[in-house]
Amino acid sequence: MASPTLIFAYVIAFLLSLSVSLSHALWSYPNDNRFNVSAIDSPKVNLSLYYDTLCPYCATFIVKNLTEVFNNDLINIINLRLVPWGNAYINKTNNAIVCQHGSDECILNTLEACAINVLDDVDKHYALIYCFEFLAIEGRHKNWQSCFNSLGLPNKPVLDCYISGNGTKLLQNYANETAQLNPPHRFVPWLVVNNQPLQEAYNGTGAPEACKSLVPKKIN
């Protein structure tokens, strides 16, 4: 079975061709009701990424692969959800969150959960998460506060979320969501497209089933 990165590269290529074909269709047939590219006929792709913030594979995927969604303006046809929980778990003895890569990862998971929550604009919270993960790749994740200055983003909303404990509540919600994945995630990064795990849904031939619903339909 193809790796998640290779599968995602295929999906990106497919969405790029779809985006071009939709633009061409709208330009070529502005008054042709037979070619109806509506929100119903061409819904956005729901793309969810389940990951650990200090997992090297996850950080690399976010920085080198997922960024193509923004570089190619595919974010306009994608509902992107980032879920920073991955392989963490809650210790039933004391209800403490335990992260696979240690306490620093728990801090970064919480900060990224807060960023997603308080920075509603996906471009803004992805930019911040990209910066965090870039630092993680370089082994400089403890310098995460520098990302706010470099991006010109206010740090107070994110820090208030973190300090207040709301970030921990957000992580607990992510824990419940991750636990309910069907099938369960087997590794990270774990990609889900339109409720289908990408690794499970694609066998290497043709378009992934989750993408087929995006092909515009002609209405007679």
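In which hand does helix H4 pass helix H7? In this predicted model, H4 passes H7 in a right-handed crossing, and the axes of H4 and H7 (residues 156-164) come within 9 Å and cross at roughly 125°, the two helices therefore being oblique to each other. On the side of H4 the contact is made by Ile107, Thr110, Leu111, Cys114, Ala115 and Val118, and on the side of H7 by Pro157, Val158, Leu159, Cys161 and Tyr162; by class, these residues comprise 10 nonpolar, one polar and no charged.

Cys114 and Cys161 form a disulfide, with their sulfur atoms 2.2 Å apart. The torsion about this S-S bond is about -75°, so the link is left-handed, and because Cys114 lies in H4 and Cys161 in H7, the pair ties together parts that are 47 residues apart in sequence. Both Cys114 and Cys161 are buried.

Helix H4 (residues 103-118) also packs against helix H8 (residues 166-179), at an angle of about 90° and with the axes 8 Å apart, and H4 and H8 are therefore roughly perpendicular to each other. The residues of this contact divide into seven nonpolar, six polar and no charged.

In the whole structure, three disulfides are found. Another of them joins Cys99 and Cys106, whose sulfur atoms are 2.1 Å apart, and this link is right-handed, with 115° about the S-S bond. By contrast, the sulfur of Cys55 is 3.2 Å from the closest cysteine sulfur, that of Cys58, which is too far for a bond, since a disulfide requires sulfur atoms within 2.5 Å.

Definitions and conventions. Residues numbered from 1 in each chain as written. Predicted model: local features only at pLDDT ≥ 70, side-chain atom pairs only at ≥ 80, totals over all residues. Heavy atoms only, no water. Axes fitted to C-alpha atoms, helices over the stretch in contact; angles between N-to-C directions. Helix = DSSP H or I, 4+ residues; strand = E, 2+ residues; numbered from the N terminus. Parallel < 35°, antiparallel > 145°, perpendicular 65-115°, else oblique. Nonpolar A, V, L, I, M, F, W, Y, C, P; charged D, E, K, R; others polar. Left-handed = near helix turned anticlockwise from the far one by under 90°. Contact = heavy atoms within 4.5 Å. Buried < 20%, exposed > 50% of the residue type's maximum accessible area, 1.4 Å probe, protein only.
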